[in-house]
Amino acid sequence: MSQQHPTPQVEFERPRDVYEFETRTGYAHIHIHGLEAPLQEARIRALEGVARAGVSIDFLKLTQSGMAFLVAEEQAQMTQDALSALGLNFRAGKDYAILIVHSVNMRDENGRIAKIVSIAIGTGARIDHLSDMHDRVLIVTPREHASGLAEALRATLSEAKG
C-alpha cells in the first residue's frame, strides 16, 4: 500500500493552514433517548413527528438508544411539543453554537484534524458533536464555550506556526 502524499499547493490557493474561525449561534440541542425496540422504527417515528411540526434539523447523530440533533432556537418549543406528543424521552438544551474551524484541504494535511480535536478536548469545554469536511471541522458546543474554544485553537495553532 503506497503512502498518500499531500498534493502540492498552487499559487492561487489559500495557504494550507487554519485560516478562519466562525461561530454560528442560535441553536437548541435535542437529545432523544430510551427509544423502544425496534430502534430504527422508533427513530423514524420521531423524525417524522419533527418533520410534521415543520422543524428542520441539523447535525443528526445516532446514539445507543436514540438520536441527537440541532434545531434553530426559534423551533425548539415546536420540537419539544412534537416529541412530547409522541411520548418520547428527550432533553433539550438551549443557547448552542457551532464553531467552524476552516482549513484548506485539511484531510490532506497529516494530523491537522487530530490536532484541532486534541486542542478542543484539552480545553475541557463541552463538545456535543464533532464533524469534519474536506476544508473544515465543525464543533457543536454550548455558546458559552464557543469563544474559549476558538481562542484556545487560535493561540495554540498560531504558536505552532511561529
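**Reading the fold**

Reply: In this chain, 72% of the contacts with a separation of 6 or more are between residues 24 or more positions apart; contact means heavy atoms within 4.5 Å. This is a predicted model, in which local features need pLDDT of at least 70 and side-chain atom pairs count only at pLDDT 80 or more, while totals for chains, interfaces and linings use all residues. Residues are numbered from 1 along each chain as its sequence is written, and side-chain values use heavy atoms, with hydrogens and water left out.

Me: How many helices and strands does the chain have?

Reply: Helices (H or I, at least four residues) and strands (E, at least two) are DSSP runs, numbered from the N terminus. Here there are four helices and six strands, in the order β-α-β-β-α-β-α-β-β-α from the N terminus.

Me: In which sense do strands S5 and S6 pair?

Reply: Two strands pair if DSSP finds at least two bridges between them. S5 (residues 129-133) and S6 (residues 136-142) are antiparallel, with five bridges. They form a hairpin with two residues between them, and aspartate 132 has valine 137 in S6 as its bridge partner.

Me: Is threonine 141 buried or exposed?

Reply: Buried means under 20% relative accessible area, exposed over 50%, partly exposed in between (1.4 Å probe, protein chains only). Threonine 141 lies in strand S6 and counts as buried because its relative accessibility is 0%. Leaving aside neighbours within four places in sequence, its contacts are Tyr96, Ala97, Arg126, Ala146 and Leu149.
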